[in-house]
Amino acid sequence: MRPMRAHQFFILFLLLTVGILSPQTHAWQGNCGTLFRDPHHLFLSDKSFPSRAQRLAHEAIHRDLVEGHVVEGKPFSANNNRNALFKIKIYNPRTGQTRDALFKPRPYGDGFGWNRVPMEWVAYKINLLLGMDYVPPVAYRSKALGNPITINGETFSEGAVLYMVPDAHELHTVPTREWALDHPFGVSDKELFLSDVRIFDFLMQNPDRHINNFLRGRHWKDGVYRPALIDQAAGLKGDATIEFLRGNDAFKSGAVTKIRPQTLEALRALKKRQLQSLQPHLSESEIDQILARRDQILAYFGH
């Protein structure tokens, strides 16, 4: 092999500098015909997923939510929601897939903390890091990334695209034994599920987990009916303090007394660098606070 000449070294340096050869750079074709870098580091490792099929399902949906363009869109409201929200049909010409989704544009001032739209994506990622998979897939799009959303001729500079769970309905309207249809949902299953939700919402300091934000629908990984959690935009609201696990929840289940072994393991394994990958949507202070609350949970369960 002949040694590289000086001009060849220079070209290689430029390629590495702009990230063309970097394995961390994912250049995807956006709906505006421009290339953009996915800043979300969605899948830090396969350890977030119990199976390869689950990981592939998330990757496929996320790719379409990031790359697709809106072919249908109309204003949407549920549970007397007053924030801007659109029900959209998004098509990705690169994969040929069409997805039903919701789009939440980010409002000026974040609705005084009640509608901090980037928290939808942050909560989705943290839910994956905890191995819970209760939050439907979310992509965050913006003009800065080169993939803004255009709906009926109006272009929004940034916002969250939320996968719409097929055949979703309120969980509390379903008998407990039918909450998940891959196995009979017993009392212990309910306790562990609600324990997971309480732990998740305590970490995220989400004051808006009311009864209507628990859904049941066809799960994104395999189409089986399971519980799902929606509306994470009030997470980390600065002036909200969520009572620790001794309080109550929307189902009036009382103090948390159990923790799922997988959740305990995931909490122990949670690293600061993983949360730092969610910047700039999380501040260093918020990351430290999440880890401090994690330590409170471990101490509560004697770990």
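The following legends describe close-up views of a predicted model.

**View 1. Confidence across the predicted protein.** The mean pLDDT of the protein is 84, and 82% of the residues reach at least 70. Among the elements, strand E11 (residues 214–218) has the highest mean pLDDT, 98, whereas strand E1 (residues 27–29) has the lowest, 31. Over residues 8–46 the pLDDT stays under 50. For this segment the model has 66 contacts beyond four places in sequence.

View 2. Strand E4 spans residues 86–92. Phe86, Ile88, Ile90 and Asn92 make up its covered face. Lys87, Lys89 and Tyr91 form the uncovered face.

**View 3. Pairing of strand E4 with E3 and E5.** Strand E3 (residues 69–75) pairs with E4 in the antiparallel sense over 6 bridges. Within E4, Ile88 stands opposite Gly73. E4 also pairs with E5, again in the antiparallel sense, over 7 bridges. Here Tyr91 stands opposite Thr98 in E5.

**View 4. The hairpin of E4 and E5.** These two strands form a hairpin with 4 residues between them. In the turn, Gly96 has a positive phi of about 75 degrees.

View 5. Asn115 lies in the loop that runs between strand E5 (97–105) and helix H3 (118–129). Asn115 counts as buried because its relative accessibility is 3%, and the cut-off for buried is under 20%. Leaving aside residues up to four places away in sequence, Asn115 touches Asn83, Lys104, Pro107, Asp110 and Ala233.

Key:
Residues are numbered from 1 along each chain as its sequence is written. This is a predicted model: local features need pLDDT of at least 70, side-chain atom pairs count only at pLDDT 80 or more; totals for chains, interfaces and linings use all residues. Side-chain values use heavy atoms; hydrogens and water are left out. Buried means under 20% relative accessible area, exposed over 50%, partly exposed in between (1.4 Å probe, protein chains only). Contact means heavy atoms within 4.5 Å. Two strands pair if DSSP finds at least two bridges between them. pLDDT is the predictor's confidence in each residue, from 0 to 100.
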